[in-house]
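Keep the structure open while reading.

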Amino acid sequence: MPLHPVAEAGVTVVDWIDERTSLSGAGRWMMFRKVPKGTNWFYTLGSATMFAFLSQAVTGVFLAMYYRPDATGGAYESVRHLTNEVFLGAFVRGMHLWGASVMVVLVFLHMGRTFLWGAYKYPRELNWIIGVVLLILTMVMALTGYLLPFDQRAYWATVVASNITGTGPIVGPYLADFLRGGSEFGATTLSRFYAIHMLVVPGLIAALMGAHLYLVAKLGTTAPPWKKVHKDVKLDTIEA
Amino acid sequence: MNQRQKEEYLREYSILKSEGKPFFPYAVAKDAAMACVVMICIITLSLVLGVEQGSKVNPTTTTYVPRPDWYFFFLFELLRVIKPPSLVGLATVGIPTLGMILLFTLPFFDRGPERRPERRPIATATFVFVAIAMALLTYDGATVGTPTALNINLPTSVAQQGTAAVAKFELGREAVAQNGCEDCHDIAGNGNSGPGPELTYIGSRLPANAIGRTLANPTAPMPSFKNLPANKFDAIEYFLSQLK
């Protein structure tokens, strides 16, 4: 039976792209890989973290449409305008603010599960290291985002944070100077934090999440540590 | 793990994996359900707790007490728990750096084949200890007042004088903390012991008007507080005169 013309067109487009990219194999490899028996709700914490990141990215784009990183008053005024006058502005800003808390909680829960169940052991050591980098980057996002509303709370917390950075060994003073854009907290500091918060770190997080996911698919999701193989199963009877 | 243990793990894992179900749709369905829960949480938090905007930045203020967002409270509390000035570097940089190094190198020093938490007592005990410590520090950070607040019991003599006296005492307590008296004076275990004299019992050594004269015309290096608003100045004078 011939397909409906719309479905036919869809198949044609997919075939056209696949003929040039061979992406369907990668898609099947990603989606139809097997997940060991006994995986449970604790295994959703990683994807939940990624989802929280996506929510932050989408709400962040909308906030960036209104925000002005102007330390001489524009930043504060643009946040006030967004919060008080823009349609759903306070709601989207609230989602971004509380989404940060949710993401931090999820990232710690995901790490706790991985640690407790020994999932960082062979052959997944590299994926653990990528995960630690992602944890640190998440905290950097939280720290740099805290300054952007540019009220008293934001300003003074960031002054303290950059001063603490300055006391670090060897690279500390240079890192603090780089973050502040000089030895004192000044007009360039806000735009630096803004660039780091919305360009540098999200890019890194997205790239490393891709690597993290690739390794999960390649090495397979861990089985819960209590799962044991029945002794009578022979390896050569198993399909690859 | 040695080579034999590695191969044994891979063999067992490939069997467990082959007995499992495909990622799509089984795991994807769970992930999607969890994503909905996350979305509902974020929307609820935004609707219930909302956002607020503080007052405009004023870089010249000296009384604002900074606080981080709640997920940094555990680091922030380390600063309060570790008091000696010589150890402050340990709290601000040392412990977080050490924590990060331990996290990065974990798969290299913990290489045993065992994965069950009940058979990895050191790892599990560390997990429980760190989780409890972080929870307690976060709770502490959330419940303390400003980090420079003075932790002193209300003297019974003040309590007996009625609510106006208590209010003045509390205003004084806040003003003393805001004006950095503790940077140089020890007040009942709060603040640094020097270069200024201890103020824990200052009320029994000096009458209120003498305290006021010292606040207005101090000996260097103490700064003068005569330009404070009159009510705050009086409150500080009253507060200190009640420390007996």
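## A strand pair across the chains

Two strands pair if DSSP finds at least two bridges between them. That rule applies here, in a model that is predicted. Strand β1(A) is joined by 2 bridges to strand β1 of chain B, residues 21-22. The two strands run antiparallel. Within this pairing, V35(A) stands opposite K21(B) in β1(B).

## The interface

How many residues of chain A are in contact with chain B? The count is 70 residues of chain A, in contact with 60 residues of chain B. On the side of chain A that touches chain B, these elements each supply at least two residues: β1 (34-35), α3 (45-64), α4 (74-84), α5 (89-116), α6 (125-147) and α7 (152-166). Helix α5(A) gives the most, with 14 residues.

The make-up of this side of chain A can be split by class. It has 44 nonpolar residues, 15 polar residues and 11 charged residues.

## Helix α2 of chain B

Helix α2(B) covers residues 23-49 and has 27 residues. From its first C-alpha to its last it reaches 37 Å, close to the 39 Å expected at 1.5 Å a residue. The helix bends by about 25° at A29(B). P25(B) is found in this helix. The peptide bond from F24(B) to P25(B) is cis, with omega near 5°. Just after the helix, G50(B) takes a positive phi of about 65°.

Which residues of α2(B) are buried? They are F23(B), A27(B), V38(B), I42(B) and S46(B). Their cover comes from both chains. In chain A it includes α2 (23-31), β1, α3 and α5. In chain B it includes β1.

## Domains of chain B

The domain assignment divides chain B into domain 1 (11-50), domain 2 (66-147) and domain 3 (156-241). Taken over C-alpha atoms, the centres of domain 1 of chain B and domain 3 of chain B are separated by 57 Å.

## Helix α9 of chain A

Helix α9(A) spans residues 187-219, with 33 residues. It reaches 47 Å from first C-alpha to last, close to the 48 Å expected at 1.5 Å a residue. A kink of about 40° is centred on I196(A). After the helix comes G220(A), whose phi is positive, near 90°.

The buried residues of α9(A) are T189(A), L190(A), F193(A), Y194(A), H197(A), M198(A), I205(A) and H212(A). These residues pack against α3, α4, α6 and α8 (172-180) of chain A.

One of them, M198(A), can be traced to a residue of α3(A). A64(A) lies in helix α3 of chain A. The C-alpha atoms of A64(A) and M198(A) are separated by 8.5 Å, although the residues are 134 residues apart along the chain. Is A64(A) buried, exposed or partly exposed? A residue is buried if 20 or more other C-beta atoms lie within 10 Å of its own, and exposed if 12 or fewer do. A64(A) has 13 C-beta neighbours inside 10 Å, so it counts as partly exposed.

## Helix α1 of chain A and what follows

Helix α1(A) runs over residues 5-21 and has 17 residues. It reaches 24 Å from its first C-alpha to its last, close to the 24 Å expected at 1.5 Å a residue. Of its 17 residues the number buried is 0, so the helix lies largely in the open.

S22(A) follows α1(A). This residue is found in the loop between α1 and α2 of chain A. S22(A) is exposed because it has 9 other C-beta atoms within 10 Å.

## Other backbone features of chain A

I170(A) also has a positive phi in a residue other than glycine, near 55°. I170(A) sits in the loop between α7 and α8 of chain A. Why does I170(A) count as exposed? The reason is its 7 C-beta neighbours inside 10 Å.

A cis peptide bond joins Y122(A) and P123(A), with omega about 5°. P123(A) is in the loop between α5 and α6 of chain A.

How values were computed:
Residues numbered from 1 in each chain as written. Chains lettered and ligands numbered in written order. Predicted model: local features only at pLDDT ≥ 70, side-chain atom pairs only at ≥ 80, totals over all residues. Contact = placed C-beta atoms within 7 Å. Helix = DSSP H or I, 4+ residues; strand = E, 2+ residues; numbered from the N terminus. Nonpolar A, V, L, I, M, F, W, Y, C, P; charged D, E, K, R; others polar. Expected span 1.5 Å × (residues − 1). Bend = angle between axes of the 7 residues up to and from the residue. Domains from an automatic or database assignment.
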